[in-house]
Amino acid sequence: MDSIRIFIVEDEPSIAQTVQFTLEAEGFATQHFSTGAGCLAALEAAAPSLILLDVGLADGNGFELFGRIRRLTEAPVIYLTARDAEIDRVVGLEMGADDYIVKPFSLRELVARVRAVLRRVDTGAAASAGTNEVFQLDTVRRRIHYHAQLLDLTLHEYRLLETLLSHPERVFTRSQLLQRGWDNPDHRLERTIDSHIKSLRSKLHDIKPDADPICTHRGVGYSLMPES
Ligand code: CA
């Protein structure tokens with residue numbers, strides 16, 4: 001099953017192992033790189049949800065690496081820094097990192113920061129989707145308007161549409177949709193995604209019969225296509 005993937009770029013094996021163990025125990029998938037070069041190479045092929053980036057790496061400084069990471073992904077970055085100096089924080093945040101954690105840190109703090117950044121990124125994406133003129137997403141009241149009409153959605157239909165709206169044109173697999181929309185995702189439920197999508201489509205169709213904004217990608221999943 002797909003889960004949230006976190007890249008850990010850290011050259012100190014003991015820290016890397018503890019962080020990796022902790023995050024996996026929390027249900028995240030992780031991948032560890034002891035060099036910046038290893039992380040950059042992996043980013044060519046994979047898109048993590050978040051990157052934990054050690055500022056002091058053997059093959060370069062994390063702040064420099066950050067710029068190169070940004071050219072490959074928009075994934076949020078949390079710096080792991082051993083230097084508790086104000087200047088590092090300012091430079092780090094000015095360079096666009098989403099947060100920083102000063103070593104030594106507690107594992108509980110680490111998990112809390114990771115979750116907070118992931119939540120913020122999610123909300124940000126949803127907020128920008130909210131300005132879409134075809135759909136208006138109101139995450140506070142859990143409501144979605146389609147062509148200015150309020151959709152009468154079940155909880156799962158709402159969450160499916162909210163997920164698709166968070167990244168228009170991105171293809172979500174059934175497993176990813178399940179992971180984001182269900183409180184107890186179980187891969188046996190994957191097929192039920194199809195029937196929820198079907199009823200969602202029919203509700204959209206009732207409002208605008210000549211449009212079909214949800215795209216089916218056979219054997220893969222679904223995406224949302226902007227209407228022209
Ligand atoms: Ca280091």
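Predicted model: local features only at pLDDT ≥ 70, side-chain atom pairs only at ≥ 80, totals over all residues.
Local features need pLDDT of at least 70 and side-chain atom pairs count only at pLDDT 80 or more, while totals for chains, interfaces and linings use all residues. Residues are numbered from 1 along each chain as its sequence is written, and side-chain values use heavy atoms, with hydrogens and water left out.

**Stop 1: β1 and β2**

Select residues 5-9 and 29-33, which are strands β1 and β2. Helices (H or I, at least four residues) and strands (E, at least two) are DSSP runs, numbered from the N terminus. β1 and β2 pair in the parallel sense over 5 bridges; pairing requires that DSSP finds at least two bridges between the strands. Arg5 has Ala29 in β2 as its bridge partner. From β1 the chain crosses through α1 to β2, and this β-α-β crossover is right-handed: with the strands pointing away from the viewer, the path from the first strand over the helix to the second runs clockwise.

**Stop 2: helix α1**

Now select residues 13-25, helix α1. Its end C-alpha atoms are 18 Å apart, in agreement with the 18 Å that its 13 residues should span at 1.5 Å a residue; the expected span is 1.5 Å times one less than the number of residues. Colour Ile15, Ala16, Val19, Thr22 and Leu23, which are buried (under 20% relative accessible area; exposed is over 50%, partly exposed in between, with a 1.4 Å probe and protein chains only). Seen down the axis of α1, these buried residues fall within an arc of 140°, so they line one face of the helix. The arc is that of the directions from the helix axis to the C-beta atoms. On the other side of α1, Pro13, Gln17, Phe21 and Ala25 are exposed. Just after α1, look at Gly27, with a positive phi of about 95°.

**Stop 3: the calcium ion**

Select the calcium ion with Asp11, Asp54 and Gly56. Its protein donors are Asp11 (OD), Asp54 (OD) and Gly56 (O), 2.2 to 2.4 Å away. Donors are N, O and S atoms within 2.8 Å of the metal (3.2 Å for Na, K and Ca); water is not among the atoms, so sites may look incomplete. Asp54 has 3% relative accessibility and so counts as buried, whereas Gly56, at 44%, counts as partly exposed.

**Stop 4: helix α8**

Finish with residues 190-207, helix α8. Its buried residues are Ile193, His196, Ile197, Leu200 and Leu204. They cover an arc of only 105° around the axis, which puts them on the same side of α8. On the other side, Arg191, Lys198 and Asp206 are exposed.
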